[in-house]
Structures are given as C-alpha cells and as structure tokens.
Amino acid sequence: MAELPFDQRDGWIWLDGETVPWRDAKVHVLTHALHYATSIFEGQRAYNGRIFELEAHTDRLYRSADILGMKIPFPKDEINAACYDNLERSGYKDAYQRPVVWRGSEKMGLSVKGTEVHVAIASWEWPSYFSPEARLKGLRLCISNWRRPDPKTAPIQAKSASNYPISCLSKDLAERTGYDDALLLDWEGFVGEATGANIFFVRDSEIHTPSLKCVLDGITRRTVMGLAEKRGYRIVERDIRPEEMADFDQAFLTGTAAEVTPLSEIGPYSFVVGEIIKQLMADYDALVRGQGPSS
Ligand code: PMP
C-alpha cells in the first residue's frame with residue numbers, strides 16, 4: 001500500500017510548546033524559512049522507547065540555531081522532555097524523530113528582524129533508511145558532480161536546510177541512474193560525505209574518514225569511532241583523495257537514519273562487506289538498544 005503523504009497522517013506534533021493534531025501542524029506559504037532556508041533540524045531515533053543520544057542531538061540543534069542566528073525560545077530540558085512526550089503520545093517504541101526550528105511568517109524579506117523562531121517535533125515509524133537487502137549486499141554509490149562547499153561560503157556545521165539542496169540533487173542523480181546514494185567530494189576535491197551520512201574506509205586494522213573540515217559532525221560518526229577504538233582499530237581523520245579509495249577493501253556509511261551501512265561500490269571502486277564492518281554493525285545495534293557492545 002502506498003504510504004500516506006506526510007500532511008495526511010494522524011497523530012500528534014509538538015508545536016511551539018503545545019501538542020496539536022498532526023494534520024493541524026501547518027505553516028503559511030509566506031514563511032521566511034520556505035523562501036530563505038532559515039531553518040535547522042535534527043534527525044534522531046528511538047530504540048525500545050529510548051531516544052539514542054538525545055542530549056547530543058539537542059546540543060547540536062541549539063548549536064545549529066546559534067550558527068543561523070536563531071534563539072530557540074525554550075530551554076534545552078523542555079525540548080528534551082517534549083521529545084519524550086511526543087514519542088510516548090505517538091505510541092512508538094522504535095521511531096525516527098524530527099525536531100525542526102524555523103523563522104515564521106511574521107515578516108517577509110531578507111531582514112530577519114521581527115520574525116519569530118518556531119519549533120516543532122514529530123515522530124514516525126521509519127524502520128530502515130536503505131532497504132535491508134541493499135544494506136546486506138552493500139550500497140552502490142555514484143560520485144556526484146556537486147561538491148561540499150568551502151566552510152567560508154556556507155554554514156556547513158549547522159544542520160541547516162540551506163545545506164541540503166546539493167544532497168537532494170545528488171540523491172536524485174543516484175536514484176535516476178540506478179544507485180542507492182551518492183558521494184560528494186569537498187570543494188577541494190577530497191572525499192566528503194554521502195547525501196545524509198558520513199563515510200569511512202577500512203584497510204587492515206585502520207579506519208580512515210574525512211576530517212570535519214567540511215562534513216557534518218555526525219553523532220553516529222562519533223559513536224562508531226568510539227566503538228572502533230574499543231575494538232582496537234586505529235582511527236585516522238584526514239584528507240582522502242578520491243583515487244585513494246582503490247587502496248581500501250571495506251567502506252561504510254554512518255548516520256542516525258543510515259546507522260552503520262556497508263558499501264560495495266563507489267563509482268569505479270569496489271569494496272567487500274567485511275568482518276570489521278559486520279562487527280561494528282553488531283556493536284552499534286547492541287549499543288542503541290541499550291545492550292552495550294558485545295565483546
Ligand atoms: N552528514 C549529513 C549531510 C547528514 O545529513 C547526516 C544526518 N544527520 C549525517 C552526516 C550523519 O549525522 P548523524 O550521525 O548525526 O545522524
């Protein structure tokens with residue numbers, strides 16, 4: 001059965017401090033954020049009724065808002081409580097959750113003066129970002145022509161809507177050409193990240209990943225680096241040239257939605273779904289479900 005459009009579902013959305021019926025959580029067409037991308041958001045997941053790394057997500061939400069010059073009109077603990085309240089009211093134990101913050105329709109024009117900062121939180125069921133079959137085989141990524149921008153030219157450390165058109169265009173290219181996702185290089189031509197996930201490469205007992213120069217500081221990235229270090233692997237954060245991808249035998253993505261997802265192909269480079277990735281997938285799964293990494 002086709003999924004219902006997002007505005008035609010039932011449930012509850014936390015909106016500016018109140019819980020409203022899902023279908024009533026609307027914005028006007030003359031909303032500042034819709035025209036000028038003055039919005040930031042988070043994507044977090046609940047497993048067995050626990051929102052994984054909620055404080056880290058809320059910290060990043062406030063950091064992103066700060067970078068975009070927006071003051072969230074609620075204290076962090078109220079947002080955290082609202083996240084749990086919305087999850088429980090929605091009746092989910094396992095869910096994806098989206099807090100979003102935006103400038104409203106109080107004023108229109110490039111000036112932000114007089115606009116109000118709004119906040120909403122929605123939860124929905126979203127079992128797997130990539131299909132389970134594709135994940136087991138390893139995803140196939142094309143290499144996008146779009147590049148992650150120089151941090152001097154865009155607020156790239158904010159999880160801001162303004163950074164996502166290149167991700168949407170790259171994802172669309174991937175889907176139109178038979179790939180699962182796309183890799184974006186950075187503005188200097190080094191490996192950046194996938195459209196909505198960080199990337200890692202494995203060689204022997206070393207795990208290499210691009211530094212945070214121009215990729216999102218992923219919460220899953222940090223978590224998985226911690227898990228890998230516990231397993232005794234050395235993490236190397238550095239600039240990676242695209243042709244170096246030929247020197248690695250395993251590669252994987254990390255993200256709240258993607259979790260730990262192996263790759264089998266990136267453009268002309270191929271990879272195996274090896275033991276190190278399988279171990280990290282199992283460790284991550286155990287951790288998010290509150291069981292800690294198996295040893
Ligand atoms: N990079 C981008 C561009 C993303 O959208 C995401 C998803 N938030 C990530 C990386 C992974 O971040 P996280 O692990 O915090 O979900």
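This report describes the salt bridges of a predicted model and the surroundings of its ligand.

## Basis of the model

Because the structure is predicted, local features need pLDDT of at least 70 and side-chain atom pairs count only at pLDDT 80 or more, while totals for chains, interfaces and linings use all residues. Residues are numbered from 1 along each chain as its sequence is written, and side-chain values use heavy atoms, with hydrogens and water left out.

## Salt bridges

Across the whole structure, a search finds 23 salt bridges, a salt bridge being a side-chain nitrogen of Lys or Arg within 4 Å of a carboxyl oxygen of Asp or Glu. One of them pairs Arg89 with Asp85, whose closest N and O atoms are 3.4 Å apart. Both residues belong to helix H3 (residues 76-90), where they are 4 residues apart, about one turn of the helix; helices (H or I, at least four residues) and strands (E, at least two) are DSSP runs, numbered from the N terminus. Arg89 is partly exposed at 44% relative accessible area, and Asp85 is also partly exposed, at 30%. In these terms, buried means under 20% relative accessible area, exposed over 50%, and partly exposed in between, computed with a 1.4 Å probe and protein chains only.

Another salt bridge joins the side chains of Arg222 and Asp217, at 2.6 Å from N to O, and Asp217 is buried with a relative accessible area of 13%. Glu244 and Arg241 form a further salt bridge, in which the closest N and O atoms are 4.0 Å apart; here Glu244 is buried at 12%, whereas Arg241 is partly exposed at 41%. Elsewhere, salt bridges that share partners link Asp186, Glu188, Lys213 and Asp239 into one network.

## Around the ligand

The ligand is surrounded by 15 residues, of which the closest are Tyr164, Glu193, Ile219, Thr220 and Thr256; a residue belongs here if one of its heavy atoms lies within 4 Å of the ligand. Helix H6 (219-230) and strand E14 (250-255) each contribute at least two residues to this shell. By class, the shell holds 4 nonpolar, 8 polar and 3 charged residues, where Ala, Val, Leu, Ile, Met, Phe, Trp, Tyr, Cys and Pro count as nonpolar, Asp, Glu, Lys and Arg as charged, and the others, Gly among them, as polar.

A nitrogen atom of the ligand lies 2.8 Å from an N or O atom in the side chain of Lys159. For Tyr164, an N or O atom of the side chain is 2.4 Å from an oxygen atom of the ligand.

Key
Polar contact = N/O pair within 3.5 Å; in protein donor to acceptor, adjacent residues only side chain to side chain.
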